[in-house]
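Take a moment to turn the model around before reading on.

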Amino acid sequence: MELELIPVKTRILTSKDDIVDTIEKYAKDKIGPDDVVSVAESVVAITQGRLTSPEELKPGFLAKVMCRFVPQKGSLSSVYGMQAAMNVEGEWRMAFAMVVGLLAKVVGRNGVFYELAGEQAALIDDVTGTMPPFDKSIVYGPHDPNGVAEAIKQRLGCYGAAVADVNDLKRAAVLGVSSELQPEKLAQILIDNPFGNASQRTPIVIIKNYAKVAAKATA
Amino acid sequence: MEWLLGILVVIVIVILGVWLFIAQQGDAEVKFLVDNRTAFTLTEVTKEQAVFSCQVPFVNKGPQDGTIMDCYPRHLLPQEQFDATELVSWIALVKSPRRDGYFEALIVPKTTGDTVEITLKFIAKNGDIRTSMADMVDFTLDIVYQIVARSEWYITKERMTVTATELIQALEVGTANA
């Protein structure tokens, strides 16, 4: 018995959709009691309405200055990505994190800014980070990913569920899991990005036989 | 009082340092090179309609990455000037063509560029595109685009002229080759 990853295609989901209803609609017949259902974090966030756009934001002085100190590939390197993060994490918290982060960098310690600035500073996706029509939006991280995972598990009767942030650069993070699942282990399983690219529209991945394989491994 | 003065000097130096850092950093500078565009060629033709396209390169000349949030053509061909056809226009990246008029937001890394294709679809009001295009006129077409980068977003445009000669020639050549 081996793990099998099954991507599930959906239509483009919006804030009018409920993620648990959607999984039930598109994947119910494919999900068994030994399976883990994983869902892409940006899609969960979109269904929760957690997005904004540059046109809706008014960047302040701090955002204009601070975005200049973020390397170009980061979502906070644009003035709107920075302002969006500040709106949820607090301007002064992020300013403090930036100062401490820069000082930490001077002494050779990276990543301090993201440790101090709050969860959304790391999760936010700037424009172009998501598929059309959300490519012109800034998408926050999902709200209560553990709760979402638990709700999926309860509704679908599967072994477990997870909300994951995975990309093609072999970076995988599991933001939320239902009870008794280990995020690190699931991240490793999803490392090759079975969600595919945005145009493939497969925001749900079923990890088949997870419970049986886990039981066998511990036996 | 000396310590107060010292703090003020440090603050001024920090502010000056940040300002200099931002000033030397610069920002994205995206420009559509309309002078380097190709001539329009015929891509589709039926009895009622003709579709033409041309390619326009763009570059980000600035020292920072920039994002083209949106980009669309605005053709200025009023019925007072030419009333024989309806005209629909759209822009898409050459490397990822699409016909829905939607421009997917695109990061343009500093000192790089790419190429868009502008498509013009003329639909004859009298049902015969060849006779309708006979009296075509030169007209203006703006490439309108929205940029966001390190500083606040803005919308700007580049203007080009579509000549009647190139469209009529393209129709003749395309039809002859068909």
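How many residues does the contact take from chain B, and how many from chain A? The contact takes 26 residues from chain B and 23 residues from chain A, where contact means heavy atoms within 4.5 Å. Before going further, some housekeeping: this is a predicted model, in which local features need pLDDT of at least 70 and side-chain atom pairs count only at pLDDT 80 or more, while totals for chains, interfaces and linings use all residues. Residues are numbered from 1 along each chain as its sequence is written, chains are lettered from A and ligands numbered from 1 in the order in which they are written, and side-chain values use heavy atoms, with hydrogens and water left out.

Back to the meeting place. Together the two chains bury about 2,100 Å², with 53% of it on carbon and sulfur atoms; buried area is the accessible area (1.4 Å probe) that two parts lose on being put together, summed over both. On the chain B side, M69(B), R150(B) and E152(B) supply 33% of the area buried against chain A, more than any other three residues. E152(B) also forms a salt bridge with K64(A), and their closest N and O atoms are 3.0 Å apart. A salt bridge here is a side-chain nitrogen of Lys or Arg within 4 Å of a carboxyl oxygen of Asp or Glu. Between chain B and chain A the count is two salt bridges.

Which elements of chain B give two or more residues to the side that touches chain A? They are α1 (2-25), β4, β6 and β8 of chain B, and α1(B) gives the most, with four residues. Helices (H or I, at least four residues) and strands (E, at least two) are DSSP runs, numbered from the N terminus. By type, this side of chain B divides into 13 nonpolar, six polar and seven charged residues. For that sorting, Ala, Val, Leu, Ile, Met, Phe, Trp, Tyr, Cys and Pro count as nonpolar, Asp, Glu, Lys and Arg as charged, and the others, Gly among them, as polar.

Now stay with chain B and look at its strands. An open sheet of four strands has the order β6-β4-β8-β9 in chain B, with antiparallel pairing; two strands pair if DSSP finds at least two bridges between them. At the edges sit β6 (106-108) and β9 (154-162) of chain B, each pairing on one side only. On average, neighbouring strands of this sheet are turned by 40° against each other, direction ignored. Inside the sheet, nine bridges join β4 (residues 66-76) to β8 (residues 139-148) of chain B, and C71(B) stands opposite Y145(B) in β8(B).

Elsewhere in chain B, follow β7 (residues 113-124), which 11 bridges join to the antiparallel strand β3 (residues 49-60). Here Q55(B) stands opposite E117(B). Nine bridges also join β7(B) to β5 (residues 85-93) of chain B, again antiparallel, and I91(B) has I118(B) as its bridge partner.

Chain A has its own sheet to explore. This one is open, with five strands in the order β1-β7-β2-β5-β6 and mixed pairing. Because β1 (4-8) and β6 (171-177) of chain A stand at the edges with a single partner strand each, one side of each is left without a neighbour in the sheet. β1(A) and β7 (residues 204-208) of chain A run antiparallel and are joined by five bridges, with P7(A) partnered by V205(A).

Helix α8 (residues 145-156) of chain A lies across β2 (36-40), β5 (160-167) and β6 of chain A, at about 130° to β5(A). Axes are lines fitted to C-alpha atoms, for helices over the stretch in contact, and angles run from 0 to 180 degrees between N-to-C directions. R155(A) and D21(A) meet in a salt bridge (2.9 Å, N to O). R155(A) lies in α8 and D21(A) in α1 (residues 19-27) of chain A, so the pair ties together parts that are 134 residues apart in sequence.

Finally, check two backbone details in chain A. The peptide bond from P132(A) to P133(A) is cis, with omega near 5°, and P133(A) is found in the loop between α7 (119-123) and β4 (138-139) of chain A. D144(A) has a positive phi of about 50° although it is not a glycine; look for D144(A) in the loop between β4 and α8 of chain A.
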